[in-house]
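Visitor: Walk me through the labels on this one. I'd like to hear what stands behind each of them.

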Amino acid sequence: MKKSSLFASASALCLGLVLAVSTGTAANAAANCIKGDRKPPYTIGWADIYSVPTWMKQTQGTIEAEVETLKKQGLVDKLVVTDAQGDANVQIQQIQSMIDSNVDAIILIAGSSTAPARVLADACAKGIAIINFDSLVDTDKVTAKVNTDSSQWGDQAAKFLISAIGGKGKILILNGPAGISVSDDRRKGADAELKAHPDVKVLAETNTPYNVAPAQEAVTSLLFANPEIDGILSLGGALSAGAVLALDKQGRDQVPITGENARQFLELWKEKGLKSWATMQPNWLGAFAAYTAVQALQGKDVPAFVKIPLPVIDNSNIDEYLARAKDFPADGYIYSPYDEELFKKLLAQK
Amino acid sequence: MSMVPSAKSAGALYWPVQARRNIGVRSLFLVVLAFLVAYGVLFPGLFTASGFAKFTQSWFPLALVAMAQAILMLTGGISLAIGATVSLGAVIAATTMAGPLGVAGGVAIVVLAGLGIGAATGFIVVKLRLPAIVVTLAGSFIIGGAALLILPRPGGAIPAWLSDLLAGDTPAAFVLLVVIVLLWKLYLATPLGLSLYAAGENPVGAYRSGVPVDAARVAAYAISGLLSTGAGLFVAAQTGSGDPVIGTAFTLNSIAAAVLGGIGFLGGQGTMRGALAGSLLLSLMISVMFFLGFTPVAQYVAQGLIIIGAVAIPQFRKVQP
């Protein structure tokens with residue numbers, strides 16, 4: 001009952017995906033890196049870049065839940081977890097340790113889009129299934145990469161905001177940290193729309209970590225400098241929450257803002273009656289990576305890149321998300337529902 | 001108990017002096033040795049050529065930044081810009097070596113950048129008498145910003161042969177480290193090197209005795225900068241590319257390694273071998289905890305306990321009568 005309703009809403013969210021699904025044929029070619037000499041039950045290594053942020057904890061939660069399912073099916077016997085504490089060099093060392101201890105699969109969020117490339121090539125050469133999700137590495141020596149499209153994220157956010165402010169006005173742009181690919185890609189994705197609308201004037205841009213407090217601080221000082229702001233193009237959920245709080249504390253009127261599925265932002269959205277738009281980096285990418293690794297190890301062909309369609313939250317469906325809010329941590333992210341059917345469809349897409 | 005050397009000749013003096021310098025770090029050496037043995041037992045592949053090579057490669061950049069920090073702390077200075085300088089070295093290497101300048105040109109620029117940044121920092125700290133912690137904190141923003149300007153997002157390339165040479169299946173990194181340690185020994189024998197400890201421990205007394213205190217300290221900053229950009233070059237070779245924020249964690253880790261190795265914050269105390277052992281312990285800890293199957297949360301706790309333990313053991317010995 002619950003499962004089917006979850007699936008119903010999942011398919012509603014991923015309508016384009018469902019329409020696009022064709023009949024997947026069982027290909028006989030093995031996926032990249034797979035040699036076929038590894039037999040179940042498998043050991044999966046999860047090379048986390050930084051375990052402390054809530055988004056990461058929630059993601060690890062989905063991985064653990066998936067591994068429990070796979071354990072029951074006798075496909076996995078062990079999950080090895082490392083935490084690089086934000087240091088890309090440590091992550092490389094930990095991936096090396098995973099190779100040394102001969103795990104069957106490595107799933108990772110990369111701490112650098114370039115640094116782990118060589119150690120991953122070593123793992124690939126040893127027949128280890130590598131599924132890289134969220135922050136990706138620029139290399140072909142992995143079994144599959146899984147992600148949403150950051151550039152599309154920026155593009156859609158900019159489209160919404162520009163139409164919400166009527167095609168002209170003064171806006172702020174809130175970015176994640178400088179020098180991080182995801183943050184850079186989202187920002188670049190917004191460029192085309194901004195260029196196409198010369199009447200939209202960018203007053204200032206910020207680079208802060210994806211946390212509420214620094215974003216609130218940065219926006220507060222920008223509010224002092226800019227008495228007139230028509231909209232905020234925020235490229236991260238915690239950033240949006242920070243901006244809404246900053247406007248609120250300064251007694252300024254709320255303006256159209258974009259965001260992400262951060263629970264705090266969604267609740268502020270409802271509370272302040274905002275006109276807003278949000279998308280998400282679903283936490284279940286982690287569960288999907290574990291699932292995909294086991295599929296690949298069993299000799300199934302998996303696409304080298306699995307593009308996850310961006311689920312969209314707007315004023316029409318925000319209540320569906322908030323209805324589930326109590327199942328998520330207060331500073332966490334309310335992700336769209338998922339199940340094995342969805343995973344199968346994602347893997348079958350061409 | 002203390003070894004009073006019978007000063008017959010310089011040669012007879014050398015080993016007793018070295019032995020006395022080891023006293024402070026002897027327990028650290030034991031801890032490191034215990035971890036090495038544990039690692040070897042947990043992962044016998046360590047004793048193969050490629051296993052040893054990979055392990056020394058993960059240690060090497062940390063060893064270099066520990067030396068970079070230690071040489072400054074010995075003169076009574078400190079640097080909060082080491083991480084940023086590593087990043088800068090990495091992006092310079094990744095943007096020049098695959099271009100017309102080639103590997104030789106790239107190495108030259110990395111060396112010049114390191115020496116130049118270090119010397120400039122040293123000049124500001126020493127000649128303008130500004131606190132090192134403030135100057136290098138400001139420096140870390142400037143240098144980190146420069147790295148982002150050169151390479152706004154991870155990219156660039158290092159010739160594959162150089163990556164394979166430095167970070168392939170040969171212990172090239174370990175050989176390089178041995179060479180660098182020997183060069184350090186040589187440097188300590190030069191007038192500037194000899195002045196290093198004196199300048200750190202008692203700058204006024206050293207100055208009155210005719211020791212070139214300022215020159216020794218500026219030279220220490222320059223060498224520190226060179227070691228940092230050198231670590232950046234190695235990281236770029238190891239990863240095959242440049243990343244403008246790859247070095248960030250090295251600032252704190254370099255201080256941790258140096259302090260763990262018995263280098264005092266006040267200058268003139270400690271030895272380079274201590275700092276190297278400290279960096280080796282930090283690096284070993286990560287691998288050993290992995291093979292022991294510690295969960296990430298347990299790793300945070302264990303890491304803290306090991307560091308406190310390693311620093312506290314010599315103190316216990318001092319308390320005993």
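Visitor: Which strands does helix α3 of chain A lie across, and how is it angled to β2(A)?

Guide: Helix α3 (residues 54–72) of chain A lies across β1 (42–48) and β2 of chain A, at about 165° to β2(A). The names are DSSP runs numbered from the N terminus: helices are H or I with at least four residues, strands E with at least two.

Visitor: And what sort of model am I looking at?

Guide: This is a predicted model, where local features need pLDDT of at least 70 and side-chain atom pairs count only at pLDDT 80 or more, while totals for chains, interfaces and linings use all residues. Residues are numbered from 1 along each chain as its sequence is written, with chains lettered from A and ligands numbered from 1 in the order in which they are written.

Visitor: What makes β1(A) and β2(A) a pair?

Guide: A pair needs at least two DSSP bridges between the strands. β1(A) and β2(A) run parallel and are joined by seven bridges, so they qualify. Within that pairing, A:Trp46 stands opposite A:Val81 of β2(A).

Visitor: What is the strand order in the open sheet, and why do two strands count as edges?

Guide: The six strands go β2-β1-β3-β4-β5-β11 in chain A, with parallel pairing. β2 (76–83) and β11 (305–307) of chain A each have a single partner strand, so one side of each lacks a neighbour in the sheet. From one strand to the next, the twist averages 15°.

Visitor: Why is β1(A) described as largely enclosed?

Guide: Buried means that 20 or more other C-beta atoms lie within 10 Å of a residue's own, exposed means 12 or fewer, and partly exposed is in between, with C-beta atoms placed from the backbone. Six of the seven residues of β1(A) are buried, so the rest of the structure largely encloses this strand.

Visitor: How do you know whether A:Gln85 is buried or partly exposed?

Guide: A:Gln85 has 19 C-beta neighbours inside 10 Å, so it counts as partly exposed. A:Gln85 sits in the loop between β2 and α4 (88–100) of chain A, and has a positive phi of about 50° without being a glycine.

Visitor: And what puts A:Asn102 in its class?

Guide: A:Asn102 has 13 other C-beta atoms within 10 Å, so it is partly exposed. A:Asn102, in the loop between α4 and β3 (105–108) of chain A, also has a positive phi, about 60°, though it is not a glycine.

Visitor: What about B:Ala81, buried or exposed?

Guide: B:Ala81 has 28 other C-beta atoms within 10 Å, so it is buried. B:Ala81 lies in the loop between α3 and α4 (82–96) of chain B.

Visitor: Which peptide bond is cis, and what is its omega?

Guide: The one joining A:Pro40 and A:Pro41, with omega about 0°. A:Pro41 is in the loop between α2 (15–20) and β1 of chain A.

Visitor: What makes something a nonpolar core, and which residues of the largest one touch the most other members?

Guide: A core is a set of buried Ala, Val, Leu, Ile, Met, Phe, Trp, Tyr and Cys residues joined through C-beta atoms within 7 Å. The largest has 205 residues, and A:Ile44, A:Ile106, A:Ile107, A:Ala290, A:Ala293 and B:Met67 touch the most other members. Helix α11 (residues 213–239) of chain B gives the most, 16 residues.

Visitor: How many residues does each chain bring to the contact between them?

Guide: Contact means backbone-placed C-beta atoms within 7 Å. Chain B brings 30 residues and chain A 27. On the chain B side, α3 (49–74), α11, α13 (272–291) and α14 (296–319) each give two or more.

Key:
Axes fitted to C-alpha atoms, helices over the stretch in contact; angles between N-to-C directions. Contact = placed C-beta atoms within 7 Å.
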